[in-house]
Amino acid sequence: MKKLRVLVAIAILLFSIIAIAFIKARTTSYSIETTGKLFIVNKLSSNVTVFDLTKGEQVAILPIDMEPHEATTSFYGDKVIVTNYGGPEEMGKSLTVIDAKTFKEVRRVRVDESLKPHGVVAVPNSNCVAVATDVGNDLLVIDIEVGQIKKKIPTTQIYSHLLTYHPTDSIAYVSNLSSGSVTVIDTNKDEVVKVIPCGKGTEGIDITPDGEEIWVTNNRDETISIINTKTLEIVSVLTAGEEPSRLQFTLDGKYCLVANSVSGTISVYNTATKKLQKNIVLPGKKNIVERILYHTPRPVCIAMHPNGKYAFVANSNAVRVEVIDLNSLKVVSTIGTGRIPDGLAIAL
């Protein structure tokens, strides 16, 4: 009987240790000091949470009645625009415009028959955003101040998903998942300049700060296509991790960060040399202990802080945002989120 009591006591002690370790591992820890508000789009929670990066605390939850996916800050920084993508039962058909200071919805902008708006970026030097729609396969240019579609340009491809915009020219570049291509669109002339075949599952896309190169992830080929913006030709193809989804350049253009969704890693490439600088492994896949303590990581969206010091990564399966120090290239903080965080936007 005494031996049984000892075994029970040991079992309770071990269980307590494991439970404490589990709770500690899953608890987010925010310790950096910086400015601004991080807007986190939580797909399954159908809301946007606002995290104060100075105070280190959540300050608002904004319900979205249609499953949201992506977000961007307006060019002038006073608005945050969210695409209302929708779910299996109902396709989304609008954008939500949020005041970046008050966290209140300013207006809802309908996208008409171009359903499932997804990728969204600010159009430089304007009150407009450019949007790619998965159903309709259009590029929309929308004035968020008046809530009006100014342009609708077909991409001529299938499953137009994400996009980027040239920093000085009126050119948009749209990634097309099913077609495995990038559509180059002149938004002044309202015409497709060229369609560039890339690879299977062309998804993540960004342009270097100097506007000279487009980098694109091909998630099924597990490659990155690099396109020269002057010749509109692929000049290099890099090997990526498992299912590379999104990518983003640092503000100085030195690095390109790539989120490998299945690998659970962030690959950091030197933009000039095209060499892999480092693989940042997110907690959850190193060994059996981590698999037990953490939820399997699935990094998706990446957002760069305007100060150039930090990158924020939506870790959708783990219900958190990972904060990467761009000097040390290490995860230095985490932020709790709603269910399946995806799009991110930062307003100062």
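Predicted model: local features only at pLDDT ≥ 70, side-chain atom pairs only at ≥ 80, totals over all residues.

User: How many helices and strands does the chain have?

Analyst: There are two helices and 28 strands. Of the 348 residues, 55% count as buried.

User: Why is the pair of Tyr 30 and Phe 51 called edge-to-face?

Analyst: Ring centres must lie within 6.5 Å for a pair, and planes over 60 degrees apart count as edge-to-face. For Tyr 30 and Phe 51 the centres are 5.0 Å apart and the angle between the planes is 70°, so both conditions hold. By this rule the count comes to five aromatic pairs.

User: Which parts of the chain does the pair of Tyr 30 and Phe 51 tie together?

Analyst: Tyr 30 is in the loop between α1 (2–26) and β1 (37–42), while Phe 51 is in strand β2 (residues 47–52), so the pair ties together parts that are 21 residues apart in sequence. Both Tyr 30 and Phe 51 are buried.

User: What makes Trp 215 and Tyr 269 an edge-to-face pair?

Analyst: The centres of the two rings are 6.3 Å apart, and the limit is 6.5 Å, so Trp 215 and Tyr 269 pair. Their planes are 65° apart, and the cut-off is over 60, so the pair is edge-to-face. Trp 215 belongs to strand β17 (residues 213–218) and Tyr 269 to strand β22 (residues 265–270), so this pair ties together parts that are 54 residues apart in sequence. Trp 215, Phe 249 and Tyr 269 form one aromatic cluster.

User: Why do Trp 215 and Tyr 269 count as buried?

Analyst: Buried means under 20% relative accessible area. Trp 215 has 0%, so it is buried. Tyr 269 has 4%, so Tyr 269 is buried by the rule as well.

User: Is Ser 261 buried or exposed?

Analyst: Its relative accessible area is 2%, which is under 20%, so Ser 261 is buried. Ser 261 sits in the loop between β21 (255–260) and β22. Leaving aside neighbours within four places in sequence, its contacts include Glu 242, Glu 243, Pro 297 and Arg 298.

User: Why is Pro 283 called partly exposed?

Analyst: Partly exposed covers the range between the buried limit of 20% and the exposed limit of 50%. Pro 283 has a relative accessible area of 22%, so it falls in that range. Pro 283 lies in the loop between β23 (276–281) and α2 (288–293).

User: Where is Thr 296 relative to Pro 283?

Analyst: The two residues are 13 apart along the chain, and their C-alpha atoms are separated by 8.0 Å.

Technical notes
Residues numbered from 1 in each chain as written. Heavy atoms only, no water. Helix = DSSP H or I, 4+ residues; strand = E, 2+ residues; numbered from the N terminus. Buried < 20%, exposed > 50% of the residue type's maximum accessible area, 1.4 Å probe, protein only. Phe/Tyr/Trp six-rings, centres within 6.5 Å; stacked < 30°, edge-to-face > 60°. Contact = heavy atoms within 4.5 Å.
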